[in-house]
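Visitor: I have a structure to read and would like to learn how to go about it. Please take me through it step by step.

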Amino acid sequence: MSEAVLRHPVLPVVYDTARWPGRVLHAFDHGIMVLLLVAVGTMVGVVSAQVLLRYGFNLSIDWADEISRLAFVWSIFLAIPLGVRQGAHIGIDIVVLKLPVPVQTGLRRIAAALSAALMLAIAWASWGVAAEQWDELMATLDWSVGWFIAPVGIGALLSGLHLVRIAIEGPPLAVAGGAE
């Protein structure tokens with residue numbers, strides 16, 4: 001894979017997109033990126049408008065707290081799979097790095113498989129919780145409180161799919177955005 005592809009300014013390609021599973025995951029990642037940008041933009045816009053109205057005009061938007069909190073929850077849980085896909089989340093690998101490379105790769109694949117199972121279980125459970133709470137409405141909006149749980153399921157499902165990919169193909173081709 002060329003360096004130009006890995007240095008994509010927004011969403012670096014860190015796995016094989018030549019076959020259909022990679023292309024589908026990459027398309028999901030782009031969709032998640034768009035939803036993430038909408039959520040963050042909504043959060044910033046609503047909070048900024050609320051601050052301006054409250055301190056500039058002594059007015060308030062009654063639904064601003066719920067919308068900004070909802071946008072925050074969506075932005076957090078949609079961002080998680082984008083970190084999982086490229087191995088950017090924090091991990092303690094001080095012992096693993098001292099092992100031979102084939103052993104490191106094997107341990108990373110096993111950890112990814114176990115993590116994928118947990119993420120898929122979280123996705124399944126969160127959809128059940130969202131369905132149970134779907135009839136309950138938010139205090140200031142006629143929206144279901146299930147919308148607070150839905151991003152947990154979406155983020156866990158996509159994270160699980162990325163972890164399955166890592167368990168099958170191995171760790172990402174390059175770690176983008178690392179701290180070092």
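Visitor: What percentage of the 180 residues in the protein chain is buried?

Guide: A residue counts as buried when its relative accessible area is under 20%. In this predicted model, buried residues make up 35% of the protein chain.

Visitor: How do the axes of helix α3 and helix α5 cross?

Guide: Angles under 35 degrees count as roughly parallel. The axes of α3 (residues 64-84) and α5 (residues 150-169) cross at roughly 0° and come within 8 Å, which makes α3 roughly parallel to α5.

Visitor: Which residues make the contact?

Guide: From α3, they include Trp74, Phe77 and Leu78. From α5, Leu158, His162 and Ile166 are among them. By class, this contact has 14 nonpolar, three polar and no charged residues.

Visitor: What share of contacts in the protein chain joins residues 24 or more positions apart?

Guide: Take the contacts with a separation of 6 or more: residues 24 or more positions apart account for 67% of those.

Visitor: What box do the C-alpha atoms fill?

Guide: Taken along the principal axes, the box is roughly 65 × 40 × 35 Å.

Definitions and conventions: Residues are numbered from 1 along each chain as its sequence is written. This is a predicted model: local features need pLDDT of at least 70, side-chain atom pairs count only at pLDDT 80 or more; totals for chains, interfaces and linings use all residues. Side-chain values use heavy atoms; hydrogens and water are left out. Axes are lines fitted to C-alpha atoms, for helices over the stretch in contact, and angles run from 0 to 180 degrees between N-to-C directions. Helices (H or I, at least four residues) and strands (E, at least two) are DSSP runs, numbered from the N terminus. Angles under 35 degrees count as roughly parallel, over 145 as roughly antiparallel, 65 to 115 as roughly perpendicular and the rest as oblique. Contact means heavy atoms within 4.5 Å. Ala, Val, Leu, Ile, Met, Phe, Trp, Tyr, Cys and Pro count as nonpolar, Asp, Glu, Lys and Arg as charged, and the others, Gly among them, as polar. Buried means under 20% relative accessible area, exposed over 50%, partly exposed in between (1.4 Å probe, protein chains only).
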